[in-house]
Amino acid sequence: MNKEFLKKIFFQSLTGFLSLALAILLFFCILRMDQLRQTFGWLAAVLTPFVYGGTMAYLLKTPCGFLEEKIEAFLPQKQKKFANTLSVIAVMILGILVIYLLLNMVIPEMWNSIVTLAVAIPPKAEEFAGWLVAHLEGNEMLQNYVNNAFASIEDWLRNWANTDLLPTMQGMMDGVVGMMGGVFTTVSSVLTVIKNIVLGIIICIYSLAARKKFAKQGKALVYAAFKPEQAEAVLKELAFVDKTFVGFFGGKILDSAIVGLICYVFCAIMTVVAGFQNAVLISVIIGVTNVIPYFGPFIGAVPAALLILISSPRNCLIFLIFIVILQQFDGNILGPKLLAGSVGLTGFWVLFSITLFQGMFGFVGILVGVPVFAVIYDLVRRWIVGRLKKHNKLDVLQ
C-alpha cells in the first residue's frame, strides 16, 4: 500500500513539475519572441531549398509514377530496375520543357504588350483631352469642377515636391554609399533565389529517385512509434491527406489547363473576327490564375481586360461577357466533374478556408487552404460521427 501511495505521489509531483517547467518555458518564449522569430527566420532561410525541392517533388511524384509504370512495361526483365531512374529523367525533362514553352510564348507577348501600351497611351491621353475640351465648352459648371480638380492636383504636387521630393533627393545625395549597399543587397537576394531554385531542383531529383525508400522509412518510423492498430490508423489518415492534396492540385491544374485552352480558342477566333490582340498572353493569364480557388478568375480577368481595353473598349466588353460565361461553365460543370470527391467542401467552406488561410499565411495560404481545411473538416466530421454512434444519436444527422 505504501509503495502504491509513493508511486502515486511521485507521478503527481512529476506532473506538477512538468507543468511548471512548461509554464516557465512558455514565459521565456514570449519574453524572447524577437530572438525566436530571428532563429526561425534563419532556419526557414536555410531550409528554403528543401521546401522548393519537396514541393516540386510532391507535385511531380504522380506523373513520375505513371511514367515509371509505362517505361517498366516496355523494358526487358533485366532492365526493369532502371525504370525509376528513366522516369525521373523523363518527368524532369517534360517539366522543364513545359516551363520553357510557356515562357517562350509569354515573354514575347508581354514585351509586345508593353511596347503597344507605350505607343498607345499618349494618343489616348490626347484623345481624352480633346474629348474633355469639346464637352466642357459652354458648360461653366463642369469647367469649374475640372479647374478645381486641376488646382487641387497642382497644390498636391507642389506640397509633395516641398515636403517629400526635396528631402528625399537630399537624402539620396547624402546616402550614395548606402544606396550602393542596397543595390548589392538586391543583387545578393536575386542570386540567393536563383541558388535556392537550383538546389531545389537537385533536391527534387533526389527525392523523386528515392521516393519509395522514403515511403518505406516513414512507414517503419510510424510502426516503431505507435502500436500496430494506432499505426494503421495513422497511415490510413496520411493516405487520405495525400489523396486529398493530389486530387485537388491535379484536378485544379487540369481544370486550369482546359480553361486556358478554351480561352485561347476564343481569343484566336476573335483575333480573326474582331482584331483581338495578345491571345496567348491573355490565355496564359486566365489559365494560371484559375489555379487559385474562388478568387482566381477575378484576379486574371482584370489585367487581361485592361490589355484589351487599350485597343478596343468593345472587344473588352465582349471578352468580359465571355469570361463570365466561361467561369460559370467552369464553376458549375467542368470544375465539379474534375474535382469531384477531392475536397468535399461546399462553396461556403471553400470561401471560409481561403479567407482564413490567406490571412494566416498569405498567398501560400490561398493555394493550400482548401485541401488543408478539407482534411480538418473530414477529421472533425468523422469524430462527430464516432461520438454520435457511441451515444446512439446518429439520427441527429438525418
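Analyst: A crossing of two helices is called right-handed if the near helix is turned clockwise from the far one by less than a right angle, and left-handed if it is turned anticlockwise. In this predicted model, the crossing of helix 8 and helix 9 is right-handed. The part examined here is that pair.

Helix 8 covers residues 279–289 and helix 9 covers residues 296–311. Their axes lie 8 Å apart, and the angle at which the two helices pack is about 165°. Angles over 145 degrees count as roughly antiparallel, and helix 8 and helix 9 are therefore roughly antiparallel to each other.

From helix 8, the residues that make the contact are Leu281, Ile282, Ile285, Ile286 and Thr289. Helix 9 contributes Gly296, Pro297, Ile299, Gly300, Ala301, Pro303, Ala304, Leu307 and Ile308. Sorted by class, the contact between helix 8 and helix 9 contains 11 nonpolar residues and three polar ones, with no charged residues.

A second pair, helix 6 (residues 211–225) and helix 7 (residues 228–274), may be set beside this one. The axes of helix 6 and helix 7 come within 8 Å and cross at roughly 140°, which makes helix 6 oblique to helix 7. The crossing of helix 6 with helix 7 is right-handed. Lys219, Val222 and Tyr223 of helix 6 meet Pro228, Ala231, Glu232, Val234 and Leu235 of helix 7. In this contact, six residues are nonpolar, two are charged and none is polar.

Both pairs belong to a protein chain whose secondary structure consists of 12 helices and zero strands. The chain has 398 residues, of which 25% count as buried. Where contacts join residues at least 6 apart in sequence, 66% of them link residues at least 24 apart.

Ala73 is located in helix 2, which spans residues 33–74. Its relative accessibility is 61%, so Ala73 counts as exposed, the cut-off being over 50%. Between Ala73 and Ala83, which are 10 residues apart in sequence, the C-alpha to C-alpha distance is 9.0 Å.

Technical notes:
Residues numbered from 1 in each chain as written. Predicted model: local features only at pLDDT ≥ 70, side-chain atom pairs only at ≥ 80, totals over all residues. Heavy atoms only, no water. Axes fitted to C-alpha atoms, helices over the stretch in contact; angles between N-to-C directions. Helix = DSSP H or I, 4+ residues; strand = E, 2+ residues; numbered from the N terminus. Parallel < 35°, antiparallel > 145°, perpendicular 65-115°, else oblique. Contact = heavy atoms within 4.5 Å. Nonpolar A, V, L, I, M, F, W, Y, C, P; charged D, E, K, R; others polar. Buried < 20%, exposed > 50% of the residue type's maximum accessible area, 1.4 Å probe, protein only.
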